[in-house]
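Here is a short tour for someone meeting this protein for the first time. Take a look at the sequence and the model, then read on.

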Amino acid sequence: METNLLKQLVMASGTSGDEQEIREILYKELVSHADEITFDGLGSFIARKGSRGPKVAIIGHMDEVGFIVKHISQDGFISFDTVGSWWNQSMLNHRVEIRTQTGKVAGIIGSIAPHALSEADKARPMEHDAMFIDIGADSAEMVAEMGVAVGDFVCPEPNFTNLTPDRILGKALDNRAGCALVAELFKRCDNDEITLYAVATVQEEVGLRGAQTSAEAIKPDIAIVVDTMVAGDTPGFDTIKFPLKLGAGAALAIFDKRYIPHQKLKQSLIDTAKLIGEPLQFCTMKTGATDGGRYNVMGGGRPVVAFCLPTRYLHANSSMISKADYDSLATLIGQFLTEYNAQKHEMICKYI
């Protein structure tokens, strides 16, 4: 794992629709390794290496769940809408960062002290519409002077910590971990029998939008998606529904509401994992989807498989991954890319 790259990506702002900082980091990281860097019409990042053989795309989405400023009150408090899926109880009293046209402004999602709450109020989750962001301003005029305007994007305050030799805690690991892994694979791959694309998509958290536009722009022959998935190894989980554990290997997604993996491509990667001794977990996701759910159908469709890093505390201020899972997945996909060629592609794509 290139920890410095991952930290750069985590510490940057990148709410869905406002991914510019992530694009800039990836461009600087890959420009010297790519034959060409382009962007689709929605802003997804596309790096290409090679120009012959089957077109292989490795994809991670670069956006994160966050918020958007929708109203500023006369006394200086900011109302907001969520961008992507949040649980209300994970939002209160968290520090946030507003990205304005002139810089970044710190704030906090306000909460009511328990002294002012009845016992019934304490037991009742606060509704999103009652929440607000406080940046310390006393008036709407002061908010404007600080550079904040309606339409500005907001993300949790950036944070990144190596908790143990194996565990990383940080903002937006969904899916900056996938972006970092895709970038590392692109740099390492040395196979002139394929045309390799590294793709960082925009607006995945609001409907897989960048996956749709980038798939149309590239029209790859196969696609490998790298994302995150709920780890069920903390107290309170149904481990049948959420079987993934940190440190037990990356997960191969076998079903979500928009995707089923291509069976021959899936089996080829399973066989590769067994051959090189890398662990694999398996998971389903009935209430969410990955970019695989667009790459599998756009432009006539193609073989697609999605891998996910088991992740604790998804869609919150901070989440947690295992370095061992990350490195194992990098090894597995790296081996597959090194061996891929026109002959293997023909075998995978042959239906009759």
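How many helices and strands are there in the protein chain? There are 10 helices and 17 strands, where helices (H or I, at least four residues) and strands (E, at least two) are DSSP runs, numbered from the N terminus.

## Before we start

What you see is a predicted model, so to speak of local features we need pLDDT of at least 70, side-chain atom pairs count only at pLDDT 80 or more, and totals for chains, interfaces and linings use all residues. Residues are numbered from 1 along each chain as its sequence is written, and side-chain values use heavy atoms, with hydrogens and water left out.

## The whole chain

For 352 residues, a compact globule would have a radius of gyration near 20 Å, and the chain's 21 Å agrees with that. The radius is taken over C-alpha atoms, and the globule rule is 2.2 Å times the number of residues to the power 0.38.

Of the 352 residues, 54% count as buried; that word means under 20% relative accessible area, while exposed means over 50% and partly exposed is in between (1.4 Å probe, protein chains only). As for contacts (heavy atoms within 4.5 Å), take those with a separation of 6 or more: 76% of them are between residues 24 or more positions apart.

Which way do β1 and β2 run relative to each other, parallel or antiparallel? Strand β1 (residues 36–39) is joined to β2 by 4 bridges, and the two run antiparallel; strands pair if DSSP finds at least two bridges between them. T38 stands opposite I46 in β2. The hairpin of β1 and β2 has 5 residues between the strands, and G43 there takes a positive phi near 110°. Strand β12 (residues 195–201) also runs antiparallel to β2, joined to it by 5 bridges, and A200 in β12 is the bridge partner of F45.

Most residues other than glycine have a negative phi, and most peptide bonds are trans. Against that background, N93 is not a glycine, yet its phi is positive at about 65°. N93 sits in the loop between β5 (78–83) and β6 (95–99), and it counts as partly exposed because its relative accessibility is 47%.

Q203 is another residue other than glycine with a positive phi, this one near 55°. Q203 is in the loop between β12 and α6 (209–218). Is Q203 buried or exposed? At 14% relative accessibility, Q203 counts as buried. Then there is the peptide bond from D174 to N175, which is cis, with omega near 10°; N175 lies in helix α5 (residues 173–188).

## A look at P243

P243 is in the loop between β13 (222–230) and β14 (250–256). With a relative accessible area of 33%, P243 is partly exposed. Leaving aside its neighbours within four places in sequence, P243 is in contact with Q281 and F282. P243 and P310 are 67 residues apart in sequence, and their C-alpha atoms are 9.6 Å apart in space.
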